[in-house]
Amino acid sequence: MALRIILKKIVGEKCSSIDDGEKVLDLIRPELMKGFMVELDFEGIKLVLTPFLNRCFGSLLELFGRELIMTHVSMKNTSDELLQRINNFINRKEEEFIQSRDRKTLQEIFDEDGLVDSDL
């Protein structure tokens with residue numbers, strides 16, 4: 001059985017702040033670490049802003065990866081528009097993480113070879 005998180009009870013009608021995202025993240029993270037499923041219920045949620053998405057979904061993506069999030073976190077009572085927005089956010093964040101890892105890898109290679117780009 002999945003843990004059901006009713007967002008309206010946790011953060012109110014607006015999922016707007018970093019603190020809101022942190023509250024939800026703190027509930028989801030231990031469940032995912034145990035390999036359990038989590039259900040986020042968006043019933044009654046009027047607004048979802050980027051700071052919330054960054055702290056909650058961005059952190060989950062960084063900690064667990066896209067595949068685990070997609071298989072272990074389900075969203076209920078969401079509009080198609082909100083679901084698309086969350087998916088787009090996850091896609092953008094994943095791309096940012098990939099680019100960041102690629103830059104770090106290239107920097108490590110340059111550092112090992114003693115190559116320096118003086119224009120950076």
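This is a predicted model: local features need pLDDT of at least 70, side-chain atom pairs count only at pLDDT 80 or more; totals for chains, interfaces and linings use all residues.
**Stop 1: Glu39.** Start by selecting Glu39, which lies in strand 3, residues 38–41. Is this residue buried or exposed? Its relative accessibility is 17%, so Glu39 counts as buried, the cut-off being under 20%. Now show side chains and bring up Arg4: a polar contact of 3.0 Å links its side chain to that of Glu39.

**Stop 2: the core.** Next, select Ile28, Leu40, Phe42 and Phe57. Within the largest nonpolar core, which has 26 residues, these four touch the most other members. At least two core residues come from each of helix 1 (7–11), helix 2 (18–33), strand 3, helix 3 (50–64), strand 5 (73–76) and helix 5 (80–113). Helix 3 gives the largest share, six residues.

Stay with Phe57 for a moment. Leaving out residues up to four places away in sequence, Phe57 touches Leu40, Phe52, Ile69, Met75, Ile86, Phe89 and Ile90.

**Stop 3: helix 3.** Colour the buried residues of helix 3: Phe52, Leu53, Cys56, Phe57, Gly58, Ser59, Leu60 and Leu61. Then try the distance tool on its end C-alpha atoms, which are 20 Å apart. With 15 residues at 1.5 Å a residue, helix 3 should span 21 Å, so the two values agree.

Finish at Gly65, which follows helix 3 and has a positive phi, near 85 degrees.

Conventions
Residues are numbered from 1 along each chain as its sequence is written. Side-chain values use heavy atoms; hydrogens and water are left out. Helices (H or I, at least four residues) and strands (E, at least two) are DSSP runs, numbered from the N terminus. Buried means under 20% relative accessible area, exposed over 50%, partly exposed in between (1.4 Å probe, protein chains only). A polar contact is a pair of N or O atoms within 3.5 Å; within protein, one must be able to donate a hydrogen and the other to accept it, and residues adjacent in sequence count only if both atoms are side-chain atoms. A nonpolar core is a set of buried Ala, Val, Leu, Ile, Met, Phe, Trp, Tyr and Cys residues joined through side-chain atoms within 4.5 Å. Contact means heavy atoms within 4.5 Å. The expected span of a helix is 1.5 Å times one less than its number of residues.
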